[in-house]
Amino acid sequence: MEPFDPFSRRLSRREALVTGLSAAALLSVTSVLAACGSTGTSDSSATSVAGTTAGGDTTAATKKGGTLKYGVGDAQAKDSLDPALALTSIGIFGHSLIYDTLLSVDSSWELSPMLAEEYDISSDAVTHSFKLRSGVEFHGGKTLTSEDVAEHFKRILDEKTGSPGLSVLGPVMDAGSISTPDPTTIIFKLKTPDAFFGQRVAHYTLRIAQAKTDEWLKTSFGTGPFISKSFRPGEGFEFERNQNYWQEGVPYLDAVVGVGIPDAATRVQALLNGDIHLTDTVPTSALDQVSGADSAQLLDVKNPSPYTFDVDSSIKPYNDPRVQKAMKMLIDREAMLKLLVAGRGVVSADTLIDPADPWSPADLKPFPYDPEQAKALLAEAGLAEGFSEKVWTTTAYPLLNEGAAYGKQAMAVGGIEFDIQSVSSDRYIEAFLKEPIVMDYYLRQHPMVMFQLYYMSSSTSNTTRLKDDKIDGWITELIKTTDTTKQAEIGGEIIRRYNDVAAMLSPFNFASYWGGAGTLQGWTANPISNVEIRTATLA
Amino acid sequence: MAGIIKFGGSRLAFAVITLVAISMVTFLATNVVPADPARVALGKFATPAQIEAYNEQQGLEEPAVKRYVIWVGDAIRGDWGTSVLSKQQVTDMVGPRIGRSLILALAAMLLAIPIAFLLGVYTAQRIGRPSDLAISTVTLVVNSLPEFVVGIALIFVFAVQLGILPIESSGASMGSGIAQIKAYLLPMLTLTIVLVPYIARMVRASVRDISSQPFVRSAALRGVPHRGLVWRHVVPNASLPVVNVIALTMAELIAGVVIIETVFSFPGIGQLLVSSVGSKDIPVVQIITLVIGLGFVVFNLLADLAVLALNPRLRSR
């Protein structure tokens, strides 16, 4: 196996101390400083540590301790402490407090070590070896071994588990891909090459837990910075600091309490009133209220979501490039962004990839708003008289109906009549991959993951049903490529091509903001959990 | 005595039949919903194999009749099954929430009933006077306000302006001591304010009706003091129709004041029902519906027994 450093742009701990560039390195810096400056893992609320606010713009003496109260917007009966079944906010954010992954990623998709302190990829990108950090203990006191990791991955791969992580791992491996030569080494020999396996293992369902499927609600089974004291699905949780956490000096908070507050207005008011210190997505209507308050702040979690019309590229008339282009040119993206989300986001090409993400070509611009040319293209395609189409949407998710209404008005200029079908969430979900046009938005993921899920012809999640040999071939090549320069070239070509040939309409990516108390410092944005609070404090 | 046994027995039999009917309707409704519970639980991109495994795991491939019989048998034995989503025992999910909703409903009712009776009796004795007009107008206005408006107004005053009570009531489950008590106060006050005008207007009308009865005039002519006349002769008789209203209102409250629970994020049975219906967590929906049905049946039964206790003519039949 030829050694390959997947953390090629990751800094060593020593280097990180010098430059302090990445969020992960920042974490190392603060933990080292904390170790030097604190008196250990005291729960004293008066111990001073070096605190760092998000973005690293301020360093000030802050107080360790305190209980952070988190208002959970979508606390549901299906909440579970089983990371394999993470689906809701408690799963995606809450689990990050009590579990760790092998590797973590920052907002630029840079990998950094967590439970694995070493990671090697073979030159053919088939074999991936992880060396586990020694001495890491689960909350119950058991030492973490490679068998625990293997067991967790096997659970994800078992269809009976019903984990969303199966779609992440399933394409590249099965249970037979895993071997554990010794207690601290785990090797994945994949079915197909995957130079981006490191990104996969950072997925939120791959937070490592001891396998105790029937006892999730009774005990804490992670290695994370907090230990679950109580957990009630649909209501909330109480997590307290793990005094034995492997990362010295963190977390700074004594405890995190999650409380279910389904109503967005109540949640925002609770934040403004100081009843809670953190809340998930702030509704668009309350952004100005929160940003203008002294008692609260908007937390830009740097996870912009593509807002889309998923159009079936495989059927008439949407398989005609002229019709695709005409529809793209009928949308005034700037106006739509302003109208729907008050301009909080960025106009984008129809790619599902954020313009700030790696590989996104800097010169790639969206199709211009040009109704006259759009009409000419439709006439050229024999559709001068226009046509009618059902557009499926729902009130179950925010802004979809509003977007459909905007689309109806925009398309009408070109003679295309959108017949809006606003239906229940069940019927809406059934419409996916069946109906010609469905309103949608996507969660930001690494571009490679987006390609495999939504660009690949063979993917069961290919929402535009695009079948393009060039894109498929490039993705197949990209997944084997370990050279980062080559990755950027191929990735850029894929994005350009998708913009040109897919019937996807993705006018903008809207910024996602969480709400924080004015006293909340030291948090960082994270593409998986949205917010990372190991080094957070309540000043 | 035989009359009481006959009356109670017939009511009990009717209650059992009602419960059986509720169980059948509940089961049918939750088993003929058009949505695919597996796809809802597993998400829009679940594979066919995952859906198949889920259906097998949850026994959704068995015939409906067989599932109904098993479900009823288990429910009677106290085995309410497991949430298909959280894998938690349904008893553990529903039990604490019933308790909280019951406490909230009882507290609001205990506060509302005496206030409503005082107001109702007071205004019934002053029909057409300025005090009656003022109170009747206020109760009419409050009665026509939606619950969430009252709730938001109380939040504005007590939580936002005065800052003495929490905006949301998650403390009812996640708090302890004072925080837990505080969590109940605003929802309880809201319910009380909503209930008082409704019951007070019923009491007023009923008291007025009873006051015009010959036996009241006769008692007055016999020289029964005014206070005794009102509270010993008029109010007990005027309570008979009000008791049924209170019982039904109580059952509705336990069923979950969904809007109030949403406005205050109160972790009660209504909130769980809404969440479970949304996510098609069928075992939870079935049990909650059954429990709510049971609540209606039990409180109706209690109302009948209360009427029996208050009305000597029924006892002597």
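The dialogue below treats the domains, the chain interface and some local backbone features.

Q: What kind of model is this, and how are its parts numbered?

A: This is a predicted model, in which local features need pLDDT of at least 70, side-chain atom pairs count only at pLDDT 80 or more, and totals for chains, interfaces and linings use all residues. Residues are numbered from 1 along each chain as its sequence is written, chains are lettered from A and ligands numbered from 1 in the order in which they are written, and side-chain values use heavy atoms, with hydrogens and water left out.

Q: Which domains does the assignment give for chain A?

A: Domain bounds come from an automatic or database domain assignment. For chain A, domain 1 covers 4-300 + 513-538, and domain 2 covers 305-510. Where they are in contact (heavy atoms within 4.5 Å), domain 1 of chain A contributes 20 residues and domain 2 of chain A contributes 21 residues.

Q: How much area is buried between domain 1 of chain A and domain 2 of chain A?

A: Buried area is the accessible area (1.4 Å probe) that two parts lose on being put together, summed over both. Here the two domains of chain A bury about 1,700 Å², and carbon and sulfur atoms give 62% of this area. On the side of domain 1 of chain A, 37% of the area buried against domain 2 of chain A comes from A:Trp109, A:Phe196 and A:Thr284, more than from any other three residues.

Q: How many salt bridges are counted between domain 1 of chain A and domain 2 of chain A?

A: A salt bridge is a side-chain nitrogen of Lys or Arg within 4 Å of a carboxyl oxygen of Asp or Glu. The count between these domains is one salt bridge. Elsewhere in the list of such pairs, the side chains of A:Arg344 and A:Asp288 meet in a salt bridge at 2.7 Å, N to O.

Q: How many residues does each chain bring to the contact of chain A and chain B?

A: Chain A brings 42 residues and chain B brings 40 residues. The area buried between chain A and chain B is about 3,200 Å², with 57% on carbon and sulfur atoms. The residues of chain A that lose the most area to chain B are A:Ala77, A:Lys78 and A:Glu235, together 17% of what that side buries.

Q: How many salt bridges cross the interface of chain A and chain B?

A: The rule finds three salt bridges across this interface. A:Glu235 forms a salt bridge with B:Arg97, with the closest N and O atoms 3.3 Å apart.

Q: In which sense do strand E6 and strand E7 of chain A pair?

A: Strands (E, at least two residues) and helices (H or I, at least four residues) are DSSP runs, numbered from the N terminus, and two strands pair if DSSP finds at least two bridges between them. Strand E6 (residues 116-121) and strand E7 (residues 127-132) of chain A pair in the antiparallel sense over five bridges. A:Ile121 stands opposite A:His128 in E7(A). Their hairpin has five residues between the strands, and A:Ala125 there takes a positive phi near 60 degrees.

Q: Which peptide bonds are cis, with omega near 0 degrees?

A: Among them is the bond from A:Val250 to A:Pro251, and A:Pro251 lies in the loop between E11 and E12 of chain A. The bond from A:Lys316 to A:Pro317 is also cis, with omega near 0 degrees. A:Pro317 is found in the loop between strand E15 (305-311) and helix H9 (321-329) of chain A.
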